[in-house]
Amino acid sequence: MTRHYAIEITLTRPVSLGELCRARKHVALAENADRTRLMSVQRAKSPAGALHRMRRRLDGRLPIDVLATHYPDRSGHLLLNVDLGRTATRAVRREAQAHGQRPREFLGRRLAEAVERSQQERRGRLTAHLESLLHQHTREEVLSCAVSLLSHRHPPAAP
């Protein structure tokens, strides 16, 4: 049974209107304001198949960095489709073999570790900022200000 899968396309640079128009002859696309991310829907039997099919349809037409499923699977994971190039692919295979893993597993673990490090660094920066604020203001002032800001539903800051 084929299903439709939402796919997010991250580009290496903003695309021109001409590139976008030519790509739309092959795939229906919605772009963000600066044309660095696109969304599309692809029919396939599986999420991996949808990513593979989208890559084949758009490769060479757009400067694709990463294709990703937009919604998590049952395990809460998003699937990624990344074209690393020959040199990077060889390096990943060598490292995976040295660690006794398959390249896909090796790359997945490395990516998860990098995401975790990034989250820890962000938490560390936030903690440092809050500690700095608490040296100058009371806990009540900091909390009251945070509640006021959050109640106005500001969009989240870029990572």
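Keep in mind as you look that the model is predicted.

Let's begin with the sheet. Strands of a sheet pair through backbone hydrogen bonds, either parallel or antiparallel. Here, five strands form an open sheet in the order S2-S3-S1-S4-S5, and their pairing is antiparallel. At the edges stand S2 (30–31) and S5 (80–82); each has a single partner strand, so one side of each is left without a neighbour in the sheet. If you follow S2 to its partner, you will find that S2 and S3 pair in the antiparallel sense over two bridges. Ala30, for example, has Met39 in S3 as its bridge partner.

Staying in S3, which covers residues 37–44, we come to Ser40. Is Ser40 buried or exposed? Its relative accessible area is 5%, and buried means under 20%, so Ser40 counts as buried. The side chain of Ser40 reaches the backbone oxygen of Ala28 at 2.7 Å. Leaving aside residues up to four places away in sequence, Ser40 touches Tyr5, Ala6, Ile7, Ile9, Val27, Ala28, Leu29 and Met54.

Now for the helices. Two packed helices are described by the angle between their axes and the distance between the axes. Helix H3 (residues 86–98) packs against helix H4 (residues 103–136) at an angle of about 95°, with the axes 8 Å apart. The two helices, H3 and H4, are therefore roughly perpendicular to each other. Where they meet, H3 brings Val92, Arg93, Glu95 and Ala96, while H4 brings Pro103, Phe106 and Leu107. Of the residues in this contact between H3 and H4, five are nonpolar, two are charged and none is polar.

How values were computed: Residues are numbered from 1 along each chain as its sequence is written. This is a predicted model: local features need pLDDT of at least 70, side-chain atom pairs count only at pLDDT 80 or more; totals for chains, interfaces and linings use all residues. Side-chain values use heavy atoms; hydrogens and water are left out. Helices (H or I, at least four residues) and strands (E, at least two) are DSSP runs, numbered from the N terminus. Buried means under 20% relative accessible area, exposed over 50%, partly exposed in between (1.4 Å probe, protein chains only). A polar contact is a pair of N or O atoms within 3.5 Å; within protein, one must be able to donate a hydrogen and the other to accept it, and residues adjacent in sequence count only if both atoms are side-chain atoms. Contact means heavy atoms within 4.5 Å. Axes are lines fitted to C-alpha atoms, for helices over the stretch in contact, and angles run from 0 to 180 degrees between N-to-C directions. Angles under 35 degrees count as roughly parallel, over 145 as roughly antiparallel, 65 to 115 as roughly perpendicular and the rest as oblique. Ala, Val, Leu, Ile, Met, Phe, Trp, Tyr, Cys and Pro count as nonpolar, Asp, Glu, Lys and Arg as charged, and the others, Gly among them, as polar. Two strands pair if DSSP finds at least two bridges between them.
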